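Q: I have a model open and want to go through it piece by piece. Can you take my questions as they come?

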Amino acid sequence: MAGEMLTGGMAMVFARYGSFWRRLRGAARHGFSTKAVEKYQATLASEAAQAAFDIVQTPADWEKRLKRAIASSILRATYGWPQIKEEESELITRMEAHIARLTNALISAALLIDFFPIIKYVPTWMAKWKRDALEWHKRDTRMFEGFYDGVRRKKMNDQQSDCFVSTLIENEERNGFTQKENAWLAGILFTAGAETTASAMSYFVLAMTLYPDVMRKAQAELDAVVGRERLPTFADQAQLPYINALCKEVLRWRPVGPLAVPRRTIKDDWYEGYLIPKGTIVIPNVWAINRDSNVYPDFDVFHPERFLDDAVEKTLAPLTHSMGHVTYGFGRRICAGYNFANQAMFIDIATLLWAFDIEKAVDEFGHVIVPSSTECIDAGAAVSPAPFKCRITPRFHEVEAILKWEQASRSE
Ligand code: HEM
């Protein structure tokens, strides 16, 4: 339903392994390699500063603020748009509605088509679900093609900044995609990247609420390396090993896709004496692999120190691309946006820890509220923590003024 009807076979995440997927993947690799994502660092840093500034104004809305910043970062990197403000979030709502349709298709047991594929041959006039799916595919295609065309028009007038779609346009001939394929390749990045990264950031806030000692240690590192007169930048990253370890631990501790994306074997395979016949759906248990006690002693504890040397990477199974966890998936289908996601998480986490103390909230009777570390919402493209209360306050007097100054200097 998701892979063929709603996305017309164009979405990389659902595309079958083969030459079309390989070409999609090649284009994505080109646009999101370690080197290529460096050009998005300024955007990511300005979005992180904006999110922190917004949180100073209304700390209780931290989740909404982070979500806006991440959505805006991905759309800016993809289409070169200017920052998407809170009041322009109608655009984000349209994109989110597209994701909701896809995820409903993925999780709804009512969609028997995935279990009895023969149903897809029922004539369209007899099946409302099929008419609806094809209609939504048309509408989403119109939306993605509109975004793609907008970049082309601006490019023709020399008004387009560097972005993923402008690279696709430059490589149209070499990649050999149709306009529709290109438009979907770009459009699906938001689908794959926005909710996943935002959920990971919500787990970061939860971890800081539950593990104050970790937060203090990270802040001490920031004070020593960055000081209190400016925001952290990407240039500081190599000097911030504890923050880097903390980012990995957020992804390991609470993987936002605990069962990743199912695969289907394309040939018979043998694993430890068991035959996995061709055509078997295999569901990887990321949650369990990230909690393997041979690799992660005290796996339930949020403990960034485990990543301070390369012991974890050395023990982990191959094909995990030295991530230290398997939250981005495995092998050749590993998340195509992980360089971008890692950068976004680094700068968001460093900026928030530099600016704020994140603590447990207190109720009206003065009782400390301890959020659940396990309750979660499993309703969309990613698992996120159940809503919880925390107290977010600036760490020192000058925070707001520095954030304001950073914003002004970036918009000059
Ligand atoms: C914390 C954030 C993220 C997490 C945890 C995550 C996780 C994943 C996972 C588990 C997969 C499936 C991998 C597999 O089957 O082995 C995947 C695929 C993918 N992700 Fe991400 N992702 C994140 C952010 C992003 C971002 C920011 C982008 C784009 C800008 C992105 C683009 C993609 C794409 C295009 C695929 C499909 C790859 C393919 O099928 O070849 N992801 N991601």
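Q: Start with α10. Which exposed residues sit on the face turned away from its buried side?
A: That face of α10 carries D213, A220 and A224. Keep in mind that this is a predicted model.

Q: And which residues of α10 are buried?
A: V214, M215, A218, E221 and L222. Viewed down the axis of α10, the buried residues fall within an arc of 125 degrees, so they line one face of the helix.

Q: Why would residues spaced like that point the same way?
A: An α-helix has 3.6 residues a turn, so residues three or four places apart point the same way.

Q: What span should α10 have, and what does the model give?
A: α10 covers residues 212-225, and its 14 residues should span 20 Å at 1.5 Å a residue. The C-alpha atoms at its ends are 20 Å apart, which agrees.

Q: What does the backbone do just after α10?
A: G227 takes a positive phi there, about 80 degrees.

Q: Zoom out. How many helices and strands in the protein?
A: 15 helices and 8 strands. The protein has 412 residues, and 40% of them count as buried. Among contacts with a separation of 6 or more, 71% are between residues 24 or more positions apart.

Q: Now the ligand. How many residues surround it, and which are the closest?
A: 26 residues surround the ligand, and the closest are A192, G193, G329, C335 and G337. The elements giving two or more residues to that shell are α2 (19-32), α9 and α14.

Q: Which element gives the most?
A: α9, with 6 residues.

Q: How do the shell residues divide into nonpolar, polar and charged?
A: 17 are nonpolar, 7 are polar and 2 are charged.

Q: C335 was among the closest. What does UniProt place there?
A: The feature "binding site", and the UniProt entry is unreviewed.

Q: Where is C335, in terms of elements?
A: In the loop between α13 (311-315) and α14.

Q: Buried or exposed?
A: C335 counts as buried, because it has 24 C-beta neighbours inside 10 Å. Leaving aside neighbours within four places in sequence, C335 is in contact with Y328 and G329.

Q: What does M12 touch?
A: Not counting residues up to four places away in sequence, M12 touches W21, L24, R25, A28, L185, I188 and A336.

Q: How far is M12 from Q407?
A: They are 395 residues apart in sequence, and their C-alpha atoms are 36 Å apart in space.

Q: Next, α4. How many of its residues are buried?
A: 16 of the 18, so α4 is largely enclosed by the rest of the structure. It runs over residues 62-79 and reaches 26 Å from its first C-alpha to its last, close to the 26 Å expected at 1.5 Å a residue. Just after α4, G80 takes a positive phi of about 70 degrees.

Q: Which residues other than glycine have a positive phi?
A: D158 is one of them, with phi near 60 degrees. D298 has a positive phi of about 50 degrees.

Q: Where are those two, and are they buried or exposed?
A: D158 is in the loop between α6 (128-156) and α7 (164-170). It is exposed, because it has 6 other C-beta atoms within 10 Å. D298 lies in the loop between α12 (286-289) and α13, and with 9 C-beta neighbours inside 10 Å D298 also counts as exposed.

Q: Last one, Y148. Which helix is it in, and what does it touch?
A: Y148 is in α6. Not counting residues up to four places away in sequence, Y148 touches V165, Q179, N182, A183 and A186. Y148 counts as buried, because it has 22 C-beta neighbours inside 10 Å.

Note on methods:
Residues are numbered from 1 along each chain as its sequence is written. This is a predicted model: local features need pLDDT of at least 70, side-chain atom pairs count only at pLDDT 80 or more; totals for chains, interfaces and linings use all residues. Helices (H or I, at least four residues) and strands (E, at least two) are DSSP runs, numbered from the N terminus. The expected span of a helix is 1.5 Å times one less than its number of residues. A residue is buried if 20 or more other C-beta atoms lie within 10 Å of its own, exposed if 12 or fewer, and partly exposed in between; C-beta atoms are placed from the backbone. The arc is that of the directions from the helix axis to the C-beta atoms. A residue is near a molecule or strand if its C-beta atom, placed from the backbone, lies within 6 Å of it. Ala, Val, Leu, Ile, Met, Phe, Trp, Tyr, Cys and Pro count as nonpolar, Asp, Glu, Lys and Arg as charged, and the others, Gly among them, as polar. Two residues are in contact if their C-beta atoms, placed from the backbone, lie within 7 Å. UniProt positions are given in the numbering used here, feature names are shortened, and annotations may be inferred rather than shown by experiment.
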